[in-house]
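Colleague: I am new to this structure and would be grateful for a close look at one part of it, the place where two chains meet. Please take me through that part in a connected account.

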Amino acid sequence: MNVLKDMILTEIEGEWYAVPVGEAAKRFSGMIRMNKTGKRIFELLMEGKDQDGVVRQLMEEYEVDEATAQSNVGDFIGKLQSAGML
Amino acid sequence: MRVYRIAEQNIGIEALHDRVYFRCTAYETEGAPDFVVRTVPADIDRERERSAREDRLEGRPVRAWSDEYLEELAIYRQIAEIMPTCDTFLFHGSAVAVDGLGYLFAAKSGTGKSTHARLWQQLLGDRFTYVNDDKPLVRVTGDGAVIYGTPYDGKHHLSNNIAVPLKAICLLQRGTENSIRRLSAREAFPRLMQQVYCPEDREAFARTMGLLQELTRQVRFYVLSCNMDIEAARVAFEGMVSSNS
């Protein structure tokens, strides 16, 4: 189940938080704290992109090589999955 | 329907129990409502279920509340759902004024925010006024934040129908010694989130987040470790008020 669409992103002094609302709020009481890159990955996942789609987009936007992007995105998605958000 | 002016809004209330109206007496107005809230019996049932769920989550016995009280909760919940469209949100904490400026104490239930507010009253005497001891409203504009008294003022019913500029928010934690330190907005934000009413409506929630973001630019944040002695109020007052005046 993907509950990312039920979350709201907000920025406080350069740090990003994803806060659950509606259905997501019934399942999670905490928030996810992210840096700017994490927030961008989160946004792309919210848009419905799959892992490869997120990797391709990051490579374009951040001039990062594929292995690094794969590793970062894989780690990030792993964390969301273990939290039950994906 | 009766109309009450709370935090700059004329709110029409249509209630099932007179106690709902009685609670709001100090806020009654002759004006036309900006919006109307009304309850039906199912709202009271929902509040009862919600309260029982929270009790179970906290691991305490399920408390039995009267229909009147639950209706008050339902009414204030509806108001809190609408208020973000008026740049205003509900904050669970004890709000006080000193020399006409507002200070807000926030903490988990049972930490002693009401007790701490009472210590400020003892310390400051006539310079002190309660704004609202439990559930004030905060309005945030580009010019600053304002904190409002509301009829929903906790078990001791300590509040006044006043509005004062909000200068600082202090997060309380129990300690054996008394000490205060300034918090960055980053440090404060996760703890503020635990005290803010999070609307169920996505749009209202997003607006609340925007208001909180703005609030972090407008007020100072502190964390106070405190015991229940008058010295705790002195340390907090020195840290939050005296050193910034």
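Modeller: The side chains of A:Glu15 and B:Arg186 form a salt bridge, with 3.3 Å from N to O. The model is a predicted one, and this pairing should be read accordingly. Across the interface of chain A and chain B, the rule finds one salt bridge. Five residue pairs are in polar contact across that interface, both residues of each pair being at pLDDT 80 or more. On the side of chain A that touches chain B, strands β1 (7-12) and β2 (15-20) each supply at least two residues. The strand that gives the most to this side is β1(A), with five residues. Sorted by class, the side of chain A that touches chain B comprises nine nonpolar, three polar and five charged residues.

The extent of the interface can be described next. In terms of residues, 17 of chain A are in contact with 14 of chain B. The size of an interface is often given as the accessible area lost when the parts come together. Here chain A and chain B bury about 1300 Å² between them, and 64% of that area lies on carbon and sulfur atoms. Of the area that chain A buries against chain B, 39% comes from A:Ile8, A:Ile12 and A:Glu13, more than from any other three residues.

Chain B, for its part, contains a packed pair of helices. Helix α2 (residues 41-58) of chain B packs against helix α3 (residues 67-82) of chain B at an angle of about 95 degrees, and their axes are 8 Å apart. The two helices, α2(B) and α3(B), are therefore roughly perpendicular to each other. Among the residues that meet there are B:Asp43, B:Glu47 and B:Arg50 in α2(B), and B:Asp67, B:Leu70 and B:Arg77 in α3(B). By class, the residues of this contact of α2(B) with α3(B) are four nonpolar, one polar and seven charged.

Technical notes:
Residues are numbered from 1 along each chain as its sequence is written. Chains are lettered from A and ligands numbered from 1 in the order in which they are written. This is a predicted model: local features need pLDDT of at least 70, side-chain atom pairs count only at pLDDT 80 or more; totals for chains, interfaces and linings use all residues. Side-chain values use heavy atoms; hydrogens and water are left out. Axes are lines fitted to C-alpha atoms, for helices over the stretch in contact, and angles run from 0 to 180 degrees between N-to-C directions. Helices (H or I, at least four residues) and strands (E, at least two) are DSSP runs, numbered from the N terminus. Angles under 35 degrees count as roughly parallel, over 145 as roughly antiparallel, 65 to 115 as roughly perpendicular and the rest as oblique. Contact means heavy atoms within 4.5 Å. Ala, Val, Leu, Ile, Met, Phe, Trp, Tyr, Cys and Pro count as nonpolar, Asp, Glu, Lys and Arg as charged, and the others, Gly among them, as polar. Buried area is the accessible area (1.4 Å probe) that two parts lose on being put together, summed over both. A salt bridge is a side-chain nitrogen of Lys or Arg within 4 Å of a carboxyl oxygen of Asp or Glu. A polar contact is a pair of N or O atoms within 3.5 Å; within protein, one must be able to donate a hydrogen and the other to accept it, and residues adjacent in sequence count only if both atoms are side-chain atoms.
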